[in-house]
Amino acid sequence: MIPIFVANIYKDIMPFQSFDTKNLTLQETHGFLLTSVAPRPIALVSTVDKDGNVNLAPFSNFNAFSTNPPVLVFSASRSGRTGETKDTYKNIKETMECCISIVEYAMVHQISFASTEFPRGVNEFIKAGLTPIPSDLVKAPRVVESPVHFECKVTQVIELGDQGGSGNLFLCEVKKIHVDERVMKDGKIDPLLIHQAGRCGLGYYVNNDPERMYSIAQPQAKIGIGVDALSEEIRNSRVLTGNNLGQLALNQTLPTTEEIADFKATESFKYLMNFEGEERKNQFHKAASEMLGNNNIQLALITLYSYS
């Protein structure tokens with residue numbers, strides 16, 4: 001629990017606006033939810049009704065929820081204007097199967113067009129200029145332009161309400177996966193080769209441009225020391241960011257006296273000691289921040305704890 005005095009400090013310096021959802025319109029609630037919970041991956045869901053009519057529609061309320069069994073979940077909400085359920089909902093209720101294709105940047109305009117509320121029975125593959133190919137285990141076709149396809153049996157439909165904007169969750173157990181070889185490396189999907197599009201609020205999208213992607217150190221089997229183990233001076237640094245503190249927290253031990261003594265014998269330490277007062281501390285913290293930028297967590301900790 002956050003101490004009361006700390007909570008009051010943050011209340012004073014952080015200008016939050018607060019909204020009680022019971023006082024918001026449906027449109028306002030929709031905006032807050034979908035603009036803040038972003039970017040969201042997009043499921044391009046193909047279905048077939050009992051008469052064989054094909055439907056294709058994108059849904060950004062979508063993610064992977066289980067590996068064993070492999071389950072993807074998406075929501076097809078009722079229309080906020082009419083309260084009517086979507087054709088995807090109707091088709092899945094009839095067949096309890098679907099195919100989910102992943103959306104890449106190169107097809108995002110076609111996908112946006114496929115979200116048009118066409119009359120029931122219109123084939124969005126044709127309207128959006130996308131290419132269907134047969135699935136192996138389900139009747140719903142795959143999308144050639146997509147790099148990854150999931151053939152799914154729908155195990156459960158959870159209806160969250162019967163009003164406009166109410167979600168319908170589809171729990172889709174993946175039975176077969178198809179992956180374009182161009183996005184694979186060493187038998188796995190390479191995040192730098194697949195360019196998924198993500199949905200943000202309003203009409204905004206993002207693309208996982210490899211030049212803007214980055215990797216970070218992950219917690220290992222051995223538990224890190226945590227931010228609380230750092231000195232108060234480090235935790236309250238005016239230089240180090242929350243990300244920096246999170247990096248330091250990953251280390252499994254604090255520096256030893258021997259490590260600190262060895263660092264104090266280096267030219268780097270002597271250079272930092274040329275500064276005076278508060279600027280000296282800032283320089284030590286800036287040096288540590290640069291080391292963390294190179295993912296040298298241990299040396300950053302040693303540098304910080306050598307400051308005096």
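Helices (H or I, at least four residues) and strands (E, at least two) are DSSP runs, numbered from the N terminus. The model here is predicted, so local features need pLDDT of at least 70, side-chain atom pairs count only at pLDDT 80 or more, and totals for chains, interfaces and linings use all residues. Residues are numbered from 1 along each chain as its sequence is written, and side-chain values use heavy atoms, with hydrogens and water left out.

Start with helix α3. Met96 follows α3 and has a positive phi, near 55°. Within α3, the residues Asp87, Thr88, Tyr89, Asn91 and Ile92 are buried. Buried means under 20% relative accessible area, exposed means over 50%, and partly exposed lies in between (1.4 Å probe, protein chains only). The cover over these buried residues includes β2, β3, β5, β6, β9 and β10.

Now move to the largest nonpolar core. A nonpolar core is a set of buried Ala, Val, Leu, Ile, Met, Phe, Trp, Tyr and Cys residues joined through side-chain atoms within 4.5 Å. The largest one has 23 residues. Phe74, Cys98, Ile100, Phe150, Phe170 and Cys172 have the most contacts inside it. Two or more residues each come from β2 (43-48), β3 (54-59), β5 (70-75), α3 (87-95), β6 (97-102), β9 (148-159) and β10 (168-179). β9 gives the largest share, five residues.

A contact means heavy atoms within 4.5 Å. Leaving aside residues up to four places away in sequence, Phe74 touches a list that includes Val45, Phe59, Thr88, Ile92, Cys98, Ile100, Phe170 and Cys172.

Helix α7 (residues 242-250) has Leu245 among its buried residues, along with Asn244, Gln247, Leu248 and Ala249. The buried residues of α7 pack against α6 (232-235), α10 (277-293) and α11 (297-306).

Next come the loops. Two peptide bonds deserve a look. The bond from Ala38 to Pro39 is cis, with omega near -5°. Pro39 sits in the loop between α2 (26-36) and β1 (40-41). Asn68 and Pro69 are also joined by a cis bond, with omega about 5°. Pro69 is in the loop between β4 (62-67) and β5.

Finally, turn to Asp186. Its phi is positive, near 55°, though the residue is not glycine. Asp186 lies in the loop between β11 (184-185) and β12 (188-189). Asp186 counts as exposed because its relative accessibility is 72%.
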